[in-house]
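Please have a look at the model first.

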Amino acid sequence: MEPIPTQMSVIGISRPGGPEVLQPEIRPVPQPGPGELLVKVVAAGVNRPDVAQRSGHYPPPPGASDLPGLEIAGEVVAVGEGATRHAVGAQVMSLVAGGGYAQYCIAADAQAMAVPPGFSMIEAGATPETLMTVWHNVFERGALQAGETLLVHGGSSGIGTMAIQLAKAFGARVVVTVGSADKAEACLKLGADRAINYKTEDFVAVTKEFTGGRGVELILDMVGGDYIERNYNAAAIEGRIVQIALLDGIKATVNFAKLMTKRLHHTGSTLRPRTNAEKAAMVAAIEAKVLPLLAQGRIKPVIDSTFPLHEAVEAHRRMESSQHIGKIVLTE
């Protein structure tokens with residue numbers, strides 16, 4: 001193995017603003033502490049929270065790197081005291097609290113997962129954040145069961161494409177909302193049972209028709225805004241709505257009587273601020289129940305595009321164009 005350098009290239013945020021504020025920097029290579037790994041990054045996923053952090057709206061939690069980047073894949077090059085799950089030389093993919101836009105990144109040993117057989121490092125770098133988000137919000141918080149119907153807003157996003165595959169693998173029906181015919185076709189090819197173009201169709205009416213008037217049991221929503229009340233209309237009696245983002249606004253006018261009369265459950269979560277122990281518990285569940293599906297090739301991230309690390313500005317422009325289908329990944 002090559003010696004670990006003392007300095008590395010990273011992409012920092014020079015000030016809050018548009019994609020152009022992402023700037024290359026030289027920083028010291030971090031050292032792993034107790035229970036930590038130092039990973040030589042081969043691929044890092046680009047996610048909406050990175051855009052929010054760059055814009056000044058999503059600061060890193062205390063103690064985390066100020067660099068953007070919430071998921072990585074690469075080779076373990078050093079381990080801290082007490083880190084026993086992954087040895088030097090292992091290929092891992094991991095959720096991180098920050099720092100992914102760099103040549104080297106610290107990952108918690110308990111949160112790193114072995115790269116599944118048959119996965120490229122680019123696919124591995126596109127997996128941890130979306131996989132953990134979907135697993136926790138659809139299956140742990142949302143309690144999706146076989147035979148139920150899941151409605152996913154943003155079906156062609158990285159999270160949406162992962163949600164389609166996971167929900168189908170566990171026996172649910174899936175309806176998605178998308179903004180174009182190409183995105184609808186991509187979701188149907190992944191296994192979605194119905195793709196709704198929200199520009200030309202009313203998702204409430206379509207979901208009611210699709211479910212024979214009953215409504216959907218679970219809704220995964222990253223839109224917010226006026227979708228909140230519409231979700232209440234589209235949900236079945238005792239339906240669950242899980243909020244994971246609010247891209248169209250953090251405030252809405254909602255008739256909360258529907259929450260009571262339909263006995264709805266509306267919850268939400270963010271992943272980044274969760275404790276290491278909580279994230280480790282999610283990883284343990286995923287390793288037991290989901291990684292076998294990845295190893296069998298039944299579930300894989302959809303890769304939209306890749307950009308070298310030094311072209312992170314263009315990667316963010318691609319993200320903000322909302323033209324992408326699946327994941328955008330930075331490479332070494």
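## Helix H3 against H4

Helix H3 (residues 128-141) and helix H4 (residues 158-169) bring their axes within 9 Å of each other, crossing at roughly 55 degrees. Axes here are lines fitted to C-alpha atoms, for helices over the stretch in contact, and angles run from 0 to 180 degrees between N-to-C directions. H3 and H4 are therefore oblique to each other; angles under 35 degrees count as roughly parallel, over 145 as roughly antiparallel, 65 to 115 as roughly perpendicular and the rest as oblique. Helices (H or I, at least four residues) and strands (E, at least two) are DSSP runs, numbered from the N terminus.

The crossing of H3 and H4 is right-handed, a term used if the near helix is turned clockwise from the far one by less than a right angle. From H3, Glu129, Thr130, Leu131, Thr133, Val134, Trp135 and Phe139 meet Gly158, Ile159, Met162, Ala163, Leu166 and Ala167 of H4, where contact means heavy atoms within 4.5 Å. By class, the H3 and H4 contact has 9 nonpolar, 3 polar and 1 charged residues. Ala, Val, Leu, Ile, Met, Phe, Trp, Tyr, Cys and Pro count as nonpolar, Asp, Glu, Lys and Arg as charged, and the others, Gly among them, as polar.

The model is predicted: local features need pLDDT of at least 70, side-chain atom pairs count only at pLDDT 80 or more, and totals for chains, interfaces and linings use all residues. Residues are numbered from 1 along each chain as its sequence is written, and side-chain values use heavy atoms, leaving out hydrogens and water.

## Helix H3 against H9

H3 also packs with helix H9 (residues 276-289), at an angle of about 85 degrees and with the axes 10 Å apart. That makes H3 roughly perpendicular to H9. On the H3 side, the contact is made by Leu131, Met132, Trp135, His136 and Glu140, and on the H9 side by Lys279, Met282, Val283, Ala285, Ile286 and Lys289. These residues divide into 7 nonpolar, 1 polar and 3 charged.

## Helix H6 against H7

Helix H6 (residues 203-210) and helix H7 (residues 227-234) pack with their axes 9 Å apart, at an angle of about 20 degrees. That makes H6 roughly parallel to H7. The pair has a right-handed crossing. Phe203, Val204, Thr207 and Lys208 of H6 meet Tyr227, Arg230, Asn231, Asn233 and Ala234 of H7. The contact of H6 with H7 holds 4 nonpolar, 3 polar and 2 charged residues.

## Nonpolar cores

A nonpolar core is a set of buried Ala, Val, Leu, Ile, Met, Phe, Trp, Tyr and Cys residues joined through side-chain atoms within 4.5 Å. The largest has 46 residues, and Val176 and Leu220 have the most contacts inside it. Another core, of 17 residues, lies apart from that one and includes Leu151, Ile228, Tyr232 and Ala235.

Glycine 268 lies in strand S13 (residues 265-268). At 31% relative accessibility, glycine 268 counts as partly exposed; buried means under 20% relative accessible area, exposed over 50%, and partly exposed in between (1.4 Å probe, protein chains only). Not counting residues up to four places away in sequence, glycine 268 touches Arg141, Val242 and Gln243.

Arginine 298 sits in the loop between helix H10 (291-295) and strand S14 (303-308). Its relative accessible area is 47%, so arginine 298 is partly exposed. Arginine 298 and leucine 166 are 132 residues apart in sequence and 9.1 Å apart in space, C-alpha to C-alpha.
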